[in-house]
Amino acid sequence: METPFPPFEPNGPDDSARGPRLREIPLRLVFPNLITILAICAGLTGIRLAFENRYELAVAMVLLAAFLDGIDGRVARLMKATSKFGAQMDSLADIVNFGVAPALVVYVFALDQARSLGWIAALIYAIAAGLRLARFNVMAERENKASWQSEYFVGVPAPAGAMLVLLPVYLGFLGLATDRTFAYISAVYTVCIAFLLISRLPVWSGKSEGNRLRRDLVLPMMLGVVLYVALLMSYTWEVMVFTVAAYLVSLPFGARKWRRKYGTLTIEEPGVGDDDIGRHI
């Protein structure tokens, strides 16, 4: 029978068997995780709005989720608040915001009329986004990173994929008839974007430390950004269609730049694909 009083310990209580004591956590460590959680909420809300046929708000929420998910890591680095917990949270949020949410919004808006083919296209995109994110995480964990990783992505990054795959929705907002033919074309387009995600196409990232902007171009660039944002606020869907087209057109130029520098059309490096999959399962 257990006694109601704790046993006498002459040397004080033994804390060795207890778990780690709770400690206070600085708010700067919590703030980036809050951004990640808000991004997940935005992505899931976008799915709900799509099923309620409130498509413009649904797309806005998905794009907001992609934006928040894209800045949480940068905010963490700026605030010196990076952590393993935050990295895991960000990885789990990415598959929702860049894979599941865009796929479901496109399916409800356009692919549904293609029946099973539309659903298969949405599935392929969501799975491709997951595979793309898994490959990115594996490459980011390397101890010895290749020099080109600071300048190129392997395949279209998942945030850009989320923006690209919503093109049928943008076109529908501009008055294009969303009939069954449009649904089949959208399904083919969705699968093409999925293959761009998992491809080994070299995509220029713009993150190279060697990239410098001439001083006389700083003010014109800032004015260009202001003009883009102003047009985006006034002609949202026209600007989004233009942005998608410009991004797709830029892909061959990035690949040509890679070929001139490295002599191949795709990134063929040990450890990017099969070897990494076998080593990390």
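The following legends describe close-up views of a predicted model.

In this predicted model, local features need pLDDT of at least 70 and side-chain atom pairs count only at pLDDT 80 or more, whereas totals for chains, interfaces and linings use all residues. Residues are numbered from 1 along each chain as its sequence is written, and side-chain values use heavy atoms, with hydrogens and water left out.

**View 1. Overall architecture of the protein chain.** The protein chain contains 10 helices and two strands, where helices (H or I, at least four residues) and strands (E, at least two) are DSSP runs numbered from the N terminus. Along the sequence these elements follow the pattern α-α-α-α-β-α-α-α-β-α-α-α. Of the 281 residues in the protein chain, 39% are buried; buried denotes under 20% relative accessible area, exposed over 50%, and partly exposed the range in between (1.4 Å probe, protein chains only). The protein chain exposes about 17800 Å², of which carbon and sulfur atoms supply 65%; accessible areas come from the Shrake-Rupley method with a 1.4 Å probe, and for residues only the protein chains shown count as cover. Among contacts (heavy atoms within 4.5 Å) between residues at least 6 apart in sequence, 80% join residues at least 24 apart.

**View 2. Segments annotated in UniProt.** An unreviewed UniProt entry lists residues 29–51, 57–79, 91–110, 116–134, 154–176, 182–205 and 217–233 under "transmembrane region". UniProt positions are given in the numbering used here, feature names are shortened, and annotations may be inferred rather than shown by experiment. In the model, the span 91–110 is 95% helix and 0% strand, with its end C-alpha atoms 28 Å apart. For residues 217–233 the corresponding values are 94% helix and 0% strand, with 24 Å between the end C-alpha atoms. The unreviewed UniProt entry also places "domain: CDP-alcohol phosphatidyltransferase C-terminal" at residues 217–252. Over residues 217–252 the chain is 94% helix and 0% strand, and the end C-alpha atoms lie 25 Å apart.

View 3. Helix α7 comprises the 19 residues 180–198, which at 1.5 Å a residue should span 27 Å; the expected span is 1.5 Å times one less than the number of residues. The end C-alpha atoms of α7 are 28 Å apart, in agreement with that expectation. Buried positions in α7 are Phe-182, Ala-183, Ser-186, Ala-187, Tyr-189, Thr-190, Ile-193, Ala-194 and Leu-197.

View 4. Glu-52 forms a salt bridge with Arg-48, with the closest N and O atoms 2.8 Å apart. The side chain of Glu-52 also meets that of Arg-54 in a salt bridge (3.1 Å, N to O). Through shared partners, the salt bridges join Arg-48, Glu-52 and Arg-54 into one network. Arg-48 is exposed, because its relative accessible area is 54%. Glu-52, at 33% relative accessibility, counts as partly exposed, as does Arg-54 at 41%.

**View 5. Aromatic pairs around Phe-173.** Rings of Phe, Tyr and Trp (its six-membered ring) pair if their centres lie within 6.5 Å; planes under 30 degrees apart count as stacked, over 60 as edge-to-face and the rest as tilted. A search of the whole structure finds five aromatic pairs. One of them is the edge-to-face pair of Phe-109 and Phe-173, with 5.6 Å centre to centre and 75 degrees between the planes. Phe-109 lies in helix α3 (residues 84–109) and Phe-173 in helix α6 (residues 167–173), so the pair ties together parts that are 64 residues apart in sequence. Both Phe-109 and Phe-173 are buried. Phe-173 also forms a tilted pair with Trp-237, at 4.7 Å centre to centre and 55 degrees between the planes. This pair links helix α6 to helix α9 (residues 236–262), its partners being 64 residues apart. Trp-237 is buried, as is Phe-173. Tyr-55, Phe-109, Tyr-170, Phe-173 and Trp-237 form one aromatic cluster.

View 6. Ile-47 lies in helix α1 (residues 27–51) and is buried, because its relative accessible area is 12%. Leaving aside residues up to four places away in sequence, Ile-47 touches Val-100, Ala-101 and Leu-104. Ile-47 and Val-106 are 59 residues apart in sequence and 9.9 Å apart in space, C-alpha to C-alpha.

Technical notes:
Salt bridge = Lys/Arg side-chain N within 4 Å of Asp/Glu carboxyl O.
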